[in-house]
Amino acid sequence: MNDPIITQFYLRLTARKQEILTLLCNGWSNEEIAHALFIAPSVVAGHLTEIYGEFHNLELYAQRQISRHIMISVFAPFFDRHPELRASIRAG
């Protein structure tokens, strides 16, 4: 995986989307993420849809159907390699 491309993608996300992606990679459900961040599950789903759409725009993933599984398979190892980039979660 090309870490500079993934790093640039991640850093372009809003802080809230970074938080949601971090929790997603920790294996949390939309409902668990929503509860932790004091937002509605539909808001989490909306953010994830936007993240998936933006990720799909990367040339490397343009031909793939982006899903929760794909995001975890890319970002969980990325966060393991770069723990300093993992979003700190600010509830509320």
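Predicted model: local features only at pLDDT ≥ 70, side-chain atom pairs only at ≥ 80, totals over all residues.
## Overall fold

Helices do the work here: the protein has 5 helices and 0 strands. Reading from the N terminus, the order is simply α-α-α-α-α.

As for dimensions, the C-alpha trace spans about 35 × 25 × 20 Å along its principal axes. The radius of gyration is 12 Å, which agrees with the value near 12 Å that a compact globule of 92 residues would have. Contacts between residues 24 or more positions apart make up 61% of those with a separation of 6 or more.

## Surface and burial

Of the 92 residues, 42% are buried. The protein exposes about 5100 Å², and 56% of that comes from carbon and sulfur atoms.

## The nonpolar core

The largest nonpolar core holds 29 residues, and the members touching the most others are Phe9, Tyr10, Leu21, Phe55, Met71 and Phe75. Two or more residues come from each of helix H1 (3-12), helix H2 (15-25), helix H3 (30-37), helix H4 (41-56) and helix H5 (68-81).

Met71 is worth a look in the viewer. Setting aside neighbours within four places in sequence, Met71 is in contact with Phe9, Leu21, Leu24, Cys25, Ile51, Tyr52, Phe55, Ile66 and Ala76.

Key:
Residues numbered from 1 in each chain as written. Heavy atoms only, no water. Helix = DSSP H or I, 4+ residues; strand = E, 2+ residues; numbered from the N terminus. Rg over C-alpha atoms; globule rule 2.2 N^0.38 Å. Buried < 20%, exposed > 50% of the residue type's maximum accessible area, 1.4 Å probe, protein only. Contact = heavy atoms within 4.5 Å. Areas by Shrake-Rupley, 256 points an atom, 1.4 Å probe, with all protein chains shown as cover. Core = buried A, V, L, I, M, F, W, Y, C linked by side-chain atoms within 4.5 Å.
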